[in-house]
Amino acid sequence: MKISDIGEFGLIDRISRDTIINPKNILLGIGDDCAAYYVSPDKIALITCDMLVENVHFTLSTCSPRQLGKKSLAVNISDIAAMGGIPRHALLSLGASSDASVEFIDQLAEGIKEEARLFEVNVIGGDTVRSPLGLVINITLIGEVELDLVVKRSTAKPGDLIMVTGELGGSAAGLTLLLEGEKYFSIPLNIAEKVKSAHLSPVPRIKEGRIIAREKIATSMIDISDGIASDLTRICEASAVGAKIYASEVPIFPEVKEVGRLIKKDPLALALYGGEDYELLFTVSPEKADNIIKLIKKELDTKVSIIGEIRDKQESIKIEDLKGRVVDLQPKGYNHFRR
Ligand code: ADP
Ligand code: MG
């Protein structure tokens, strides 16, 4: 059997068997945005890592080293946001070819430090190795959260509303322009810049995550790294529930309507399956929804939308499309080994 037969998630399932030898102090092992363990009876440490590989996650022709460094820390910060936590300390592991330019690595490190300053994260260690096949960046990020505020993936309940911060699809549209830019010279520069920047410079939703945690209203949360379709499926699987979302309610990044027409991609598909938007997808009981929308709008001026509701597991995961037809929401999105 090959890895491509089971895909990324099948592979993680196999790895995750028998991994907790000493459960003392462990709150969460494999299966959430971060691992979590008790550092005191009411304080939880969060740990996450994300690896970026040249020509898989990025190509050096479409981003500057500074942007790449900044984003590689941002995607980890986003996983801390998804638990309602605060990022604290990072370790940076780098693999690079002997021919890579020192100035390039300087700029990459500068990007990481810029993001670290923005979110008050210390870089406290790492590892450096030779990588003949290109650049590899792995950041491990440690954060913390109060025990009574931590938000998991596994606790969504039927009847909860499904909510999302911000607007989706910008990153996937931006990536298309970055990769095939010269084909789309008719797209106005300011519009192209908006979606490219959504892809290159995502802003992790730490402040939104903290409000959601502080208000103790979320029954589950995940950050959208692979697209809502895939990430909602992860919440549903972890919580043993189903879901129904409404295509008409999915907030689409404003510029994506125009860009989608020009690149001949459906804006809704970019929003559902595109990924890398790094917004927060979370669930709340219906009576709490309006209040959190108002609060996040007032404190941060961030839009929050209700896109559907959690259902019983037997109802599986459905989407009501723009014509009112209810169909299965395919969990397609980014999956290593199965593109
Ligand atoms: P995210 O998109 O939030 O970073 P992933 O989909 O990458 O999460 O991973 C899902 C879960 O599987 C996480 O809890 C992660 O820590 C775990 N995981 C992924 N790869 C491995 C691995 N090689 N060994 C152990 N755990 C892993
Ligand atoms: Mg995540």
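The magnesium ion (ligand 2) is held by three aspartates, with Asp33 (OD), Asp79 (OD) and Asp223 (OD) coordinating at 2.0 to 2.1 Å. Asp33 belongs to the loop between β1 (26–28) and β2 (35–40), while Asp79 sits in helix α2; the pair therefore ties together parts that are 46 residues apart in sequence. Along the chain, the donors follow the spacing D-x45-D-x143-D. The model is a predicted one. Asp33 is buried, at 5% relative accessibility. Asp79 also counts as buried, with a relative accessible area of 9%.

Helix α2 (65–81) is also one of the elements against which the buried residues of α3 pack. The others named are the strands β4 (86–96), β5 (122–130) and β6 (136–146). Helix α3 covers residues 102–118. At 1.5 Å a residue, its 17 residues should span 24 Å. The end C-alpha atoms of α3 are 24 Å apart, in agreement with that expectation. The buried residues of α3 are Phe104, Leu108, Gly111, Ile112, Glu115 and Ala116. They cover an arc of only 140° around the axis, so they lie on the same side of α3. The face turned away from this buried side carries exposed residues, namely Val102, Glu103 and Arg117. Just after α3, Glu120 adopts a positive phi of about 55°.

Positive phi values also occur in two loops. In the loop between β3 (43–53) and α2 lies Asn55. Phi of Asn55 is near 70°, a positive value in a residue other than glycine. Asn55 counts as exposed, at 56% relative accessibility. Asp301 is found in the loop between α10 (289–300) and β11 (304–311). Phi of Asp301 is near 60°, again positive in a residue other than glycine. The relative accessible area of Asp301 is 56%, so this residue is exposed.

A search of the whole structure finds zero aromatic pairs. A charged side chain does sit over a ring: Lys332 lies over the face of Tyr273, at 4.6 Å from the ring centre.

Methods
Residues are numbered from 1 along each chain as its sequence is written. Chains are lettered from A and ligands numbered from 1 in the order in which they are written. This is a predicted model: local features need pLDDT of at least 70, side-chain atom pairs count only at pLDDT 80 or more; totals for chains, interfaces and linings use all residues. Side-chain values use heavy atoms; hydrogens and water are left out. Rings of Phe, Tyr and Trp (its six-membered ring) pair if their centres lie within 6.5 Å; planes under 30 degrees apart count as stacked, over 60 as edge-to-face and the rest as tilted. A charge sits over a ring if NZ of Lys or CZ of Arg is within 6 Å of the ring centre and within 35 degrees of the ring normal. Helices (H or I, at least four residues) and strands (E, at least two) are DSSP runs, numbered from the N terminus. The expected span of a helix is 1.5 Å times one less than its number of residues. Buried means under 20% relative accessible area, exposed over 50%, partly exposed in between (1.4 Å probe, protein chains only). The arc is that of the directions from the helix axis to the C-beta atoms. Contact means heavy atoms within 4.5 Å. Donors are N, O and S atoms within 2.8 Å of the metal (3.2 Å for Na, K and Ca); water is not among the atoms, so sites may look incomplete.
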